[in-house]
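Thanks for coming. I will go through the chain contacts, then one chain on its own, then the confidence.

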Amino acid sequence: MTIVPHMTDVPAQSASEPLPKQPRDLLPLLLPVLLALAMLPLIGSGSTWITLTVASLAMGMMIFIMASGLTLVFGLMDVLNFGHGAFIAVGAYVATLVLLPLASWVQADSLWLNLAVLAPAALAAMAVSGALGLVVERVLILPVYGQHLKQILMTTGGLIVAEQALYALWGPQIIPLPLPTSLRGSFILGDVAIAKYRLLAMGVGLAVFVGIQLVLTRSKIGLLIRAGVENREMVEALGYHIKRLFLGVFMVGSALAGLGGIMWALYREQVHASMGNDLTVLVFIVVIIGGLGSIGGCFIGAILVAMVANYGGFLLPKLALVSNILLMVAILMWRPRGLYAVTSR
Amino acid sequence: MTDLLTLSGVHTHIGRYHILHGVDFAIPEGQTTMLLGRNGAGKTTTLRTIMGLWPASAGSITLAGQRIEKIATPEIARLGVGYVPESMAVFSDLTVKENLVLAARDGAPDTARLEWIFGFFPALKKFWLSRAGALSGGQKQMLSIARAIVEPRQLLLIDEPTKGLAPAIIGALIDCFAELKRRGATILLVEQNFHAAREIGDAVLVMDNGAIVHRGGMADLANDIPLQERLLGLSLEAHQ
Amino acid sequence: MMLLSGDPPRSRLLSVLLIAIVLGLALAPLLFPGAKALNVATKICIFAALVASYDLLLGYTGTVSFAHTMFYGIGSYAIAIALYSLGPSWSAIAIGLVIGLPLAALLALAIGLFSLRVEAIFFAMITLAVASAFLVLASQLSWLTGGEDGRSFQLPELLRPGTVFVKNFFGVPLNGRTLTYYIIFIGCAAMILGLLRVVNSPFGRVLQAVRENRFRAEALGYRTVFHLTYANVLAALVAASAGALNAMALRYAGPDTSLSFAIMLDILLMVVIGGMGTIYGAIIGAAIFILAQNYLQALMGLASNAAAEAGLPLLPGLLHPDRWLLWLGLLFIASVYFFPTGIVGRLRQTAHHATTR
């Protein structure tokens with residue numbers, strides 16, 4: 001990737017006649033914080049609250065990783081991949097190909113051995129999901145580019161085929177996927193227990209978020225993506241092949257879904273062919289809440305969904321089943337196009 | 001004088017609508033050619049077809065000896081065609097600087113050339129690191145033009161640059177076009193403002209119903225009021 | 001012609017096919033007296049109506065909904081729960097309908113007003129989310145729905161197989177089962193004719209205008225959200241009615257028979273194969289699809305066993321009858337890509353060429 005060439009910044013902005021500053025819309029940013037604080041008195045116990053909040057953040061980060069590619073692809077090309085969940089499931093299955101044969105390394109009580117097997121598993125998951133993304137983009141999306149109806153139908157068909165292929169190749173049974181030994185258990189701080197794996201998930205999720213933000217704001221490719229979100233034609237008229245750019249973004253988005261897949265599988269310690277289907281719904285809700293096409297909105301949306309699931313599951317377990325929908329309804333009542341609507345389209 | 005751009009028998013369909021009905025013209029190198037005509041005559045479609053944004057359904061478009069009617073838009077841009085669309089299409093989420101970085105394509109924009117552009121459009125220098133979306137309409141037009149000329153181009157396609165702008169800004173744009181012309185640029189300019197058109201145009205093309213109905217020198221048309229009325233349905237003099 | 005609302009099949013072959021299917025269904029209890037055959041005929045009737053109502057959305061308004069099985073399920077469960085808890089009586093059926101249909105309509109109204117304001121893609125995503133939540137709800141609220149097991153119930157006396165009207169009618173007994181079948185057949189036929197009337201009314205033409213160009217329709221003064229929502233409610237009502245008939249046919253309602261995503265895919269496939277935006281496509285699609293499902297799946301099993309015996313790798317798994325959906329998915333993608341107008345579209349095209357030549 002090319003970094004924005006350093007330019008003589010001679011023409012610094014003069015202070016005499018500043019442009020009207022666009023007011024930053026921070027309200028959605030406050031939502032998770034307010035929600036977390038509001039839950040504190042309801043939950044009562046501080047340590048439970050911390051555990052639930054950490055769990056929410058970890059779960060939210062994983063969902064964000066899975067959803068980010070979907071929202072980016074939509075923002076850039078107005079393409080909504082209903083088969084996005086397939087990449088999640090494929091990532092998880094590919095991870096088992098690495099993790100199960102090397103089970104002794106997974107079970108070894110050595111952080112280094114654990115990482116030595118986790119890292120290639122994650123890379124393999126991302127590589128295969130990314131490659132599948134290439135195929136899906138060429139076969140299912142490009143032929144019906146610009147036709148929403150057919151796009152939805154084709155990618156839905158793709159999801160079914162992928163899920164069924166996983167059943168055919170791996171069988172219908174649930175594959176257990178134990179966490180590596182050094183990631184089991186919790187750090188104990190006073191009377192608060194924080195699961196190690198959750199911290200890892202939060203770290204990876206945050207890294208992905210920061211990475212995406214850096215690419216979008218600091219690299220030429222990021223500038224092109226943002227420019228493309230606004231006006232594809234003009235990007236082409238400046239001499240850039242937006243379809244190649246789009247293919248790249250699609251593959252990266254698919255690879256991230258694969259990464260999310262292995263992380264989710266380790267979190268649940270199992271892999272199942274229907275996970276893609278199940279997570280598609282969750283990911284859609286997050287993307288809708290955030291505003292189709294917005295990475296920042298997706299990030300907040302993922303945390304909100306996870307918070308509602310965790311707090312709700314603790315306070316009102318029955319309600320937790322539909323809590324996502326209620327959250328979505330509430331957000332859309334407030335902002336019909338999601339937290340951060342990507343305008344222009 | 002050789003012709004840089006030649007259109008011959010170009011037809012364009014948009015959906016089921018047939019917009020261009022066999023457009024023929026040639027743009028001589030180093031000249032500024034004005035493309036005039038009523039609203040809906042097909043001027044914008046002509047520029048978009050040259051740029052490859054609408055596919056030509058028949059006919060040929062030749063740029064410097066190379067056929068381009070089947071080439072994708074990015075390749076046409078890379079042959080050295082700068083495009084300023086009617087909507088200006090600045091990337092409002094990006095800063096002025098980032099807009100120009102993308103326009104320069106490979107590497108940073110040339111500093112001397114930037115200073116030359118800032119000479120006409122000082123506002124761009126002033127708001128260098130501001131979001132383009134916060135610029136005024138005139139400033140956006142300046143940025144859109146700057147994006148097209150930040151590197152030397154073989155051919156500039158400019159669509160109604162003065163539309164809806166204040167006279168002072170139109171003045172700056174005309175100065176810029178005059179300077180570009182002095183430097184030998186070849187420009188195809190769609191313009192409704194006759195004062196602007198008369199000032200910069202060397203040659204003139206008039207379109208109606210998707211075809212060229214008149215071609216000649218700008219000065220000849222400017223002095224022939226009956227011809228203006230016949231071609232455009234109203235006197236250009238009265239139509240500013 | 002009155003019956004068809006002035007919208008004939010417009011292809012001779014299509015007319016022949018339709019007449020054959022309708023006659024076959026109308027005489028099914030006499031022609032195919034076996035239990036399995038009658039079940040297949042019942043399913044074709046119900047799905048023809050269900051798919052036709054989906055076609056009103058997909059084909060005539062261009063919106064993709066993933067919540068159609070939810071409405072179908074609401075109808076099924078309403079009948080099942082009413083008959084299960086109130087006992088087998090006609091009033092229980094009436095109560096089930098009086099609760100189920102308005103519930104489906106209200107839900108469709110809410111979803112429509114809520115999500116049809118913005119892009120079609122939004123509607124598709126939201127309906128998917130809502131439908132999956134409903135599926136979870138139905139399988140979790142077991143005190144009401146019977147959970148994963150669903151609810152089995154008894155039909156009123158008159159509709160039971162034990163009630164014999166004529167012992168031997170051209171060699172076939174006419175009993176409560178036959179009566180149930182004809183109630184379903186007539187109900188579904190009425191719904192399909194009703195839908196045909198709707199799409200050929202001025203309202204139907206507005207829907208098509210919205211599908212072609214929403215902005216233009218709005219500029220012409222149509223409140224597109226209301227038209228789309230109205231269509232959504234209408235489709236939901238028909239789907240719920242079809243669901244109610246389905247529950248009566250099966251004497252059972254459960255997640256797998258009325259709510260699952262697999263049924264949604266079946267509906268999508270039938271509408272695409274039959275031909276979107278034609279209503280007739282629903283009848284053709286449902287008939288072909290359900291016949292294939294019932295008789296081809298067995299063939300897949302044979303092929304899978306043969307492949308296993310031959311020791312071929314992978315093939316036994318891919319051809320296993322449980323992988324029916326895999327091939328459906330592929331078929332689905334191929335039909336969207338290669339035959340977007342479906343069978344009806346194809347037949348009409350050929351007929352059109354024949355007359356213009």
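There are 2 pairs of chains in contact, and chains A and C share the most contacts; a contact here means that the C-beta atoms of two residues, placed from the backbone, lie within 7 Å. This is a predicted model, in which local features need pLDDT of at least 70 and side-chain atom pairs count only at pLDDT 80 or more, while totals for chains, interfaces and linings use all residues. Residues are numbered from 1 along each chain as its sequence is written, and chains are lettered from A and ligands numbered from 1 in the order in which they are written.

Chains B and C have no contact, and their closest C-alpha atoms are 12 Å apart.

Between A and B, 25 residues of chain A are in contact with 32 residues of chain B. On the chain A side, α8 (220-230) and α9 (232-237) each supply at least two residues; helices are DSSP runs of H or I, at least four residues, strands are runs of E, at least two, and both are numbered from the N terminus. The largest share of that side, 5 residues, comes from α8(A).

Now chain C, with 17 helices and 4 strands. Its C-alpha atoms fill a box of roughly 60 × 50 × 50 Å along the principal axes.

Last, confidence. Chain B averages a pLDDT of 89, with 96% of the residues at 70 or above; pLDDT is the predictor's confidence in each residue, from 0 to 100. Over residues 235-240 of chain B, pLDDT stays under 50, and the model has 12 contacts beyond four places in sequence for them.
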